[in-house]
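Reader: Please show me the two-chain model. I want to go through how the chains meet.

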Amino acid sequence: MPAMRPLERLNDFVVKFANVNGSGSASANGLFARSALRMGVPVAARNIFPSNIQGMPTWYEVRVVESGWRGRRGGVDLAVAMNPETWAADVAELESGGYLLYDATRPVNAAKLREDIVPLGIPLTGLCHEMFSDPRQRQLFKNVMYVGALAALLRIEPEVIEKLLGEQYAGERKAPLLDANRAAFRRGYDFATAELPQIGLRMERRDRVGDRIFVDGNSASALGAVYGGATVCAWYPITPSTSLAEAFKRYCSRMRVDPATGRHRYAIVQAEDELASIGMVVGAGWNGARAFTATSGPGISLMQEFIGLAYFAEIPAVLFDVQRGSPSTGMPTKTQQADVLCAAYASHGDTKHVLLFPEDPTECFAMGAQAFDLADRLQTPVFVMLDLDIGMQDWLTAPFAWDEGRALDRGKVMTAEELEAGRDFGRYLDVDGDGVPYRTYPGTHAKRGAYFTRGTSKDRYARYTEDGPAYVDNMQRLLRKFETAKDLVPQPAIEGAAQPTRAGVLWYGSTGAPMAEALAALEARGIHLDRCRVRAFPFADAVADFVAAHDHVFVVEQNRDAQMRALLVNECGIAPEKLVPVLHYDGAPLTARFVEREIAEKAAVFNVVPLKRAAG
Amino acid sequence: MTYLAKPKLHHPSLPRNALGFTRRDYEGPVSTLCAGCGHDSISAAIIQAFFELAIPPHRVAKLSGIGCSSKTPTYFLGQSHGFNSVHGRMPSVLTGANLANRDLIYLGISGDGDSASIGLGQFAHIMRRGVNMTYIVENNGVYGLTKGQFSATADKGSKSKAGYSNEDEPIDLVMLAVTLGATFVARGFSGDKGQLVPLIKAAVQHKGAAIVDVVSPCVAFNNHPGSTKSYDYVRAHNDTVNFLDYMPEREPIVARSEPGGVQTVVLHDGGAIRVRRVDESYDPTDKVSAMAYLEARREAGEVVTGLLFVNECDADLHDAQNTVGVPLNALSDAELVPGSAALAKVNASLR
């Protein structure tokens with residue numbers, strides 16, 4: 001029989017809530033995460049949910065982490081087991097010495113528990129039956145009641161949670177709800193205080209959160225689109241991108257309404273499919289409005305033909321691709337970075353597209369806005385590559401910032417005055433040598449500047465031609481334009497290891513969440529790695545230089561086929577053996593434990609560990 | 001097609017419209033379609049209609065999909081921006097363009113393959129959204145550019161040039177448009193310019209989704225005996241229900257209904273179309289009876305032409321979106337970017 005040693009941890013533990021989808025638990029679980037933040041203790045929280053509306057298991061994992069690590073840790077210290085269906089798995093997942101909070105209205109068979117965990121029973125159903133008569137309320141208020149019990153057990157200041165409830169249910173209309181929530185919270189708190197033992201997990205007030213905000217990447221991207229001047233959004237519902245378009249609507253209804261008339265400075269169309277979404281975006285972009293769509297991998301597949309048209313006809317468009325488990329329907333509610341190649345080379349023929357890789361919601365906002373400047377400046381589709389982990393999870397992240405003096409960059413648009421003055425206009429004429437031509441908005445000038453946009457080949461003056469040299473001339477200019485993009489896109493974040501090293505590690509997007517923690521752990525084991533976080537495609541020269549400066553570079557990403565590695569090999573002429581893939585693609589967010597283990601194993605093979613240390 | 005370039009010199013006595021433009025200002029480069037193609041007659045009708053309406057050519061945006069019909073925007077309105085998009089997807093591109101700038105006049109050009117086969121979904125949705133535009137289907141029942149395959153509007157039993165018979169039911173875009181909520185639905189014949197020009201003019205002046213289905217025989221692949229889209233067949237089976245006169249708003253409108261089978265429909269801009277009825281029983285403002293009539297004539301193998309349905313009181317997509325009067329593509333940074341103070345409030349709400 002394993003010895004029972006209850007866990008003792010301060011501001012550093014994992015709580016996992018096991019619920020039934022549709023039982024109203026999300027709001028209570030979020031309340032718990034926010035209470036830690038209000039106590040000044042950082043959290044990393046993740047919702048783990050099925051592709052289902054009601055009745056299937058769902059989990060919410062909160063890592064209370066004073067050190068501020070952003071990734072999942074792995075393992076669970078306290079489980080709130082509210083779903084009988086997943087009980088066995090939830091109990092099994094607990095660390096030895098962990099705690100199990102459960103509904104003890106009916107006695108639980110001892111065989112269903114473990115001897116090396118601490119059971120904490122609270123008759124949630126019974127207490128709710130005493131307090132409420134409405135069946136829906138009896139179900140719903142169990143959630144906030146267990147938050148009350150957790151507050152007592154973990155020593156969260158109850159005033160913090162009561163204040164959060166007050167903010168959530170502000171206003172006279174919501175007053176009865178506020179009262180009921182408070183009462184249920186108090187009942188749970190009082191029961192745990194009186195009836196449950198003290199436990200070894202504890203939260204204590206700190207000042208480690210600062211001015212950071214708690215927000216999901218889809219909302220941040222939508223807000224970025226508002227600040228980036230987007231006026232047309234055409235979209236088709238698809239998990240996990242749906243909340244991006246919905247957030248755009250929410251923000252626009254607050255920030256983009258003409259105060260004098262109440263009319264909208266935006267248009268949002270829920271299209272009939274993804275083909276129509278991207279078609280509308282292309283039409284609006286052609287006509288001088290900033291337009292975007294939000295979608296996921298299956299949508300990108302459907303949009304391929306239009307993406308090729310926008311590339312070849314040079315029409316600005318912004319696509320937010322919130323990646324999910326693929327291929328096909330795949331795992332719609334799980335995360336992956338598996339659209340990298342599909343987006344980079346979207347459509348038939350020779351195409352290359354600008355991709356941006358935000359690492360967190362703060363960058364979703366910044367890149368979400370910047371994408372529109374880039375699309376206009378480069379007159380081409382720009383992809384913002386989120387994934388479910390960034391898009392749908394709330395992250396503790398740096399606040400959004402906007403430079404008041406910043407003007408939207410509309411790119412090279414020839415005006416009526418310039419046309420009137422007799423300036424030569426060739427829609428595909430490379431006047432400045434950067435591969436980027438001038439365009440005109442339809443309706444600009446009565447006699448000059450009109451041109452015909454087409455997917456067929458054309459000359460520098462947009463006249464239809466099937467002449468080989470004219471076609472090649474145009475395709476070469478598109479390559480020059482892609483070179484120009486290199487300097488305009490976000491540059492990589494490169495950082496040296498604590499000690500000089502011949503090995504490096506490269507990653508992008510949400511993979512960054514556990515990297516700092518994993519690299520600290522590797523450093524403690526004597527494995528030093530220089531770091532390169534890729535933030536965009538086309539790759540800046542600094543990315544190829546980074547790889548060239550090292551014997552081996554681990555490329556950490558969340559797909560089966562090492563897609564970023566393939567893109568690096570293909571675009572930078574890198575010898576494949578220099579890039580060592582570290583791949584995680586089961587749909588769950590990456591953990592620091594996984595990255596540490598994988599790199600440590602591979603590093604041993606490549607003698608990354610300094611020889612004297614390895615010998616010692 | 002002809003290889004002769006159009007003369008650049010204009011005769012000084014060419015008639016000018018209210019804006020001082022001649023018909024030449026509404027033309028484009030010479031057509032590359034087959035000689036005698038019905039589509040070229042439609043292009044000529046479009047040129048005539050826009051000339052007579054005295055619309056500044058550069059204020060028109062002409063969009064199309066792929067196919068013979070979709071090539072034609074090159075051949076008219078040379079001073080307008082044009083967009084030859086992808087097969088069957090013109091409606092979405094036009095919708096987006098319309099959202100970006102509500103001040104331009106949108107002309108969508110499509111064909112039966114483009115609208116009824118690959119693009120049926122987008123055709124349906126642009127009609128139900130009430131996008132303010134004129135959608136012209138150059139309908140020949142056949143794929144010309146790929147040399148003679150049936151399209152989805154080919155009548156059941158009609159024969160291809162190669163001798164095959166079409167066994168599938170045809171899609172009637174006119175009937176479809178009426179059921180989907182289009183507010184101006186007409187059918188013309190490329191061989192009858194006198195009827196077609198007023199139909200196009202009225203469609204352009206109409207606010208909302210206007211469709212003109214134009215039967216346009218394909219001289220290369222669908223003008224033989226056995227085809228129901230040939231010149232001979234349409235001329236022999238044309239049931240014209242009415243003729244139109246478009247009257248700009250400066251002419252006084254006396255009465256809504258006039259004697260002698262004339263019905264007046266007032267347009268949103270104050271202008272009016274006068275419908276001269278050929279068939280006294282046909283009322284294009286009555287949706288239900290119009291549909292019954294269309295179906296009955298179709299059963300009888302006839303091609304009904306004229307203004308088939310009109311509803312002048314509907315709002316367009318911009319009304320539904322409640323967008324500002326200024327085109328969205330002309331809004332200033334100050335109107336678009338909420339600024340750092342607003343952002344600070346968002347940040348505060350997320351702590």
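Reader: Which strand of chain B do 3 bridges join to S17(A)?

Author: This is a predicted model, where local features need pLDDT of at least 70, side-chain atom pairs count only at pLDDT 80 or more, and totals for chains, interfaces and linings use all residues. Residues are numbered from 1 along each chain as written, with chains lettered from A and ligands numbered from 1 in the order written. Strands (E, at least two residues) and helices (H or I, at least four) are DSSP runs numbered from the N terminus, and two strands pair if DSSP finds at least two bridges between them. A:Phe452 stands opposite B:Gly82, and the parallel partner of S17(A) is S2(B), residues 81–84.

Reader: Which strands stand at the edges of the open sheet of 9 strands?

Author: The order is S17(A)-S2(B)-S1(B)-S3(B)-S4(B)-S8(B)-S7(B)-S14(B)-S9(B), with mixed pairing. Each edge strand has a single partner, so one side of it is left without a neighbour in the sheet. The edges are S17(A) and S9(B).

Reader: Which strand do 3 bridges join to S9(B)?

Author: B:Thr240 stands opposite B:Thr305. The two strands run parallel, and the partner is S14(B), residues 303–310.

Reader: Which element gives the most to the side of chain A that touches chain B?

Author: Contact means C-beta atoms, placed from the backbone, within 7 Å. By that rule, 55 residues of chain A meet 47 residues of chain B. Elements of chain A that each supply at least two residues include H7 (217–227), H9 (274–286) and S17 (452–454). With 9 residues, the top contributor is H9(A).

Definitions and conventions: Two residues are in contact if their C-beta atoms, placed from the backbone, lie within 7 Å.
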